[in-house]
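Please look through the model shown here before reading on. My comments are set out as numbered points.

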Amino acid sequence: MTIKGKAYIAGIYEHPTRHAPDKSTAQLHAEVAKGAIEDAGLSNADVDGYFCAGDAPGGLWPMVDYLGLKVRHMDSTETGGCSYLIHLGHAAEAIAAGKCSIALITLAGKPRTGAMPPRAAGAEADFEAAYGATTHNAYGMCAMRHMHDYGTTSEQLAWIKVAASHHAQYNPHAMLKDVVTVEDVLNSPMISDPLHRMDCCVVSDGGGALIVTTEEIAKSLKKPLVRLIGHGEAMKGPRGGKDLDLTYSAGVWSGPRAFEEAGVTPKDIKYASIYDSFTITVLMQLEDLGFCRKGEGGKFVADGNLISGVGKLPFNTDGGGLCSNHPVNRGGMTKILEAVRQLRGEAHPKVQVPNCDLAIAHGTGGLLGVRHAASTCILERV
Amino acid sequence: MSEAKTYPAPVTNPETAPFWEAAKAGKFMIKRCTACGEAHYFPRSICPFCFSDQTVWEESSGEGTIYTYSLMRKSATGPYAIGYVTLKEGPSLQTNFVDCDLSSLKIGQKVKVVFKPTAGAPLPFFTPV
């Protein structure tokens, strides 16, 4: 049993807003749902499967009701920022099993307008909550150890932000459109050692949505055919404190599973959407996915190697979380959206990868330095 | 400095209450599985490695080394250093480093446990030796 080629992404939508104090969170979900359904050329009555995560107000069933959907398959898998990559894989499973034929996946929220509600405590709460793990210092701990073990430098990490900024200059919706240099990154204030302000992504309101469907339905619609050919998901945590190693992520498991199912290798990939909550997130995931060997991510990302038209692996050509947006502090959805744009040939001409027929969208959710999930999707233009 | 900070009292539960009772007596406890021999932290009733229920409390030396850290330069309660310590007994755990010059922390540095009061049981932290 495989999901290879069983599910097509027929509709995509990214909310143009980056700051939405005048809208409700449920409204943003509805607006991105409407956008993706219309992009596919379908109507809301066609949707028979719905997927959402912790950002959906009230969770799954209030959202299904609010959106007025009549569904026969539902999934509210919650794994932070990579929830939507997992939803895409689960939607493909449901479609392959005949449980639904047109699945809607939505993400939306407003962390720039107001504070996000705290996430529910796990069994570890008494033993960790007091120590103040945040995104910044949890990823800082990973970067600190990566530098210690492999000699990775702040200059190398800065190249990731530089590449993102080169792409963001062409995105009219990007929050940060100025091209920056390695020196700009190194001269930005230290937030949590060794990460500078420019090693961190933006905080933005907004959202995005996908329509996932069968081959038959996708071929009856008008959009270029983009299908999922490999998917992987995994989870990593301290697990009792044995053999702690913060220099790799759960991508070491989700990546190979996705590549194996797809029957392709990292060398075949023409475009990569890689979650970029921080520069170190990108570097570790490129290693974990096999684009370079463990410890060599610093050399791999340096000298513009991630810039479209310049380097070997164009990444996050919308400017990514580092420059464009990071709706709900979750990066998985926007990673899929830009990968689909690249495969459709709808990316900005200045960053469009020529003949882009194979792409990866990968992300993590949770805290890389504490416990997190990862999910990998391999997408193909037919 | 971290001394001025107030920390939340542990909620505790039947599974972890012995840890917090020992902490009140200044003892830092870990769990060890008598089936597979592995120590773990934070404490569980079922071993996370072999799933045996034959886990027992053991007093840790409270000594270890810094695996990694990150100094948060600003927060509502001032700068603080989060990190992981690898205990002599094996398990690594998340903590804050206290009672020291936060700018001089190093990976591999030797540290020991120190308890800080809360409104309930005291919380374990680590400080360079």
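1. Basis. This is a predicted model, in which local features need pLDDT of at least 70 and side-chain atom pairs count only at pLDDT 80 or more, while totals for chains, interfaces and linings use all residues. Residues are numbered from 1 along each chain as its sequence is written, and chains are lettered from A and ligands numbered from 1 in the order in which they are written.

2. Overall form of chain A. Chain A has 13 helices and 11 strands; helices (H or I, at least four residues) and strands (E, at least two) are DSSP runs, numbered from the N terminus. The radius of gyration of chain A is 19 Å, close to the 21 Å that the globule rule gives for 382 residues, so chain A is as compact as a globular protein of that length. That radius is taken over C-alpha atoms, and the rule is 2.2 Å times the number of residues to the power 0.38. The C-alpha trace spans about 55 × 50 × 45 Å along its principal axes.

3. Contacts are residue pairs whose C-beta atoms, placed from the backbone, lie within 7 Å. Among contacts in chain A with a separation of 6 or more, 77% are between residues 24 or more positions apart.

4. The sheet of chain A. Nine strands form an open sheet with mixed pairing, in the order S3-S2-S4-S7-S1-S8-S11-S10-S9; two strands pair if DSSP finds at least two bridges between them. Its edges are S3 (73–75) and S9 (271–274), each of which pairs on one side only. Strand S2 (residues 49–51) and strand S4 (residues 102–109) of chain A are parallel, with 3 bridges, and A:Tyr50 has A:Leu104 in S4(A) as its bridge partner.

5. Domains of chain A. The domain assignment, which is automatic or from a database, gives domain 1 (7–110 + 205–226) and domain 2 (133–203 + 229–381). Their centres, taken over C-alpha atoms, are separated by 24 Å. In the contact between them, 29 residues of domain 1 meet 31 residues of domain 2. On the domain 1 side, S1, helix H3 (83–96), S4 and S7 of chain A give two or more residues, and H3(A) gives the most, with 7 residues.

6. Strands of chain B. S4(B) runs antiparallel to strand S7 (residues 110–116) of chain B, with 3 bridges joining them; B:Glu63 has B:Lys112 in S7(B) as its bridge partner. S7(B) is also antiparallel to strand S8 (residues 123–128) of chain B, through 6 bridges, and B:Val113 is partnered by B:Phe126 in S8(B). The hairpin from S7(B) to S8(B) passes through 6 residues.

7. Contact between the chains. Chain B contributes 34 residues and chain A 28 residues. On the chain B side, S4 (63–72), S5 (80–87) and S6 (92–97) each supply at least two residues, with the largest share, 6 residues, coming from S4(B). By class, this side of chain B has 19 nonpolar, 13 polar and 2 charged residues. Here Ala, Val, Leu, Ile, Met, Phe, Trp, Tyr, Cys and Pro count as nonpolar, Asp, Glu, Lys and Arg as charged, and the others, Gly among them, as polar.

Notes:
Contact = placed C-beta atoms within 7 Å.
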